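Hello, and thanks for passing this one along. Here are my notes, point by point, for you to check against the coordinates.

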Amino acid sequence: MDNTTLIPLLILLVCAGSFLYKGIRRFSAASKENRRVRELDRSGVRARGVISVVHPLERSPQGHRVTVTVEGGDGRRWEAVDASGLNGYLVREGTPVELTYAAGDPLNIRVERAAFSLPPQGLYPLYPHGLPKPPSPVWPLLYAVGGAAFVLGVGVLVLNGGEAAVRFVPLLFAVLGPVFLVLAVRGLIRRAAGGRRLTAETTGVVTDAWTEIRRRKGNSNQRRTYRVHPFTLHFRAADGREVHHRHPVASGSFEPVVDQPLQVRYAPEHPVDHALVGHMDAALGKSVALLFIGLVSTVLGVALTFVFWSTPTV
């Protein structure tokens, strides 16, 4: 095997190994979380408690971790941590809550309802759209195997014959393009339906802002460095409920500063469903990106497939 074949083969193996490594790590984390959530759903015991510690946000996309003093039905009291982020809600220390803990592991808890800060309104659900489902470890595994197989498959085609590659790769893009378009349209429809529920408005405040350096491939396969400006946002709904989490969109064009006020539109029945007025939200950003990728993949894939498959082989 000469160097002209060995070097591309090594590059392919490194790329495939990267897919497998990332996929296996995600598979392991998803399997662990899946077991934890399923144990709660299978053997969960209802209990009451009080928020004893609200941990710093630490720029986490999930939200605040909280320590809860659990009050068992048999009179026992113990402390346990809910690291889920409470769906983005900020529940203050001393707030009564309702929770579920696993019968075989009392430290495995999920806070599900919290008291309003303005009595006597009772408790509100932290997950009004349904309790969080356990993550499926299947998708990370498919990501790992599928990504590695794709890289190796395209590489083998290229190494064993360029003609097979130029016929196969455009056909692949022609198939994947419409899939991306369907996902984009579905996302836009869901966003439009969700946007109609955002009927209340308030002013939020930036509580933390920073700059992250990211890299992506540019022309000639060179890595291009660019900056984005993530931030955390806090606002209070009219009924006293508070939302505090890392905003899901970070761009290079919008650079907020700490204590900057931002206008927020939210759903009165579930304030964690919200959007910044005048700024793109995460759902729209993903849908627009998928729409662009789908259009480019479809047009190029169909055009190149027609050209190469209508050309007779020699």
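1. Two strands pair if DSSP finds at least two bridges between them, and strands themselves are DSSP runs (E, at least two residues) numbered from the N terminus. Strand 12 (residues 261-267) meets that test with strand 13, the two being antiparallel over four bridges. Within this pairing, Ala267 stands opposite His270 of strand 13.

2. A word on the source: this is a predicted model, where local features need pLDDT of at least 70, side-chain atom pairs count only at pLDDT 80 or more, and totals for chains, interfaces and linings use all residues. Residues are numbered from 1 along each chain as its sequence is written, and side-chain values use heavy atoms, with hydrogens and water left out.

3. Five strands form an open sheet in the order 11-10-7-12-13, with antiparallel pairing. Its edges are strand 11 (242-246) and strand 13 (270-276), each pairing on one side only.

4. On to salt bridges (a side-chain nitrogen of Lys or Arg within 4 Å of a carboxyl oxygen of Asp or Glu). The whole structure holds 15 of them. In one, Glu112 meets Arg46, with the closest N and O atoms 2.3 Å apart. Glu112 belongs to strand 5 (residues 105-115) and Arg46 to strand 1 (residues 44-54), so the pair ties together parts 66 residues apart in sequence. Buried means under 20% relative accessible area, exposed over 50%, and partly exposed in between (1.4 Å probe, protein chains only). Glu112 is buried at 9%, while Arg46 is partly exposed at 48%.

5. Glu98 is buried, with a relative accessible area of 15%.

6. Glu242 is buried at 5% relative accessible area, and Arg92 is partly exposed at 43%.

7. Last, a charge over a ring (NZ of Lys or CZ of Arg within 6 Å of the ring centre and within 35 degrees of the ring normal). The charged end of Arg241 sits over the ring of Tyr124, 5.2 Å from its centre.
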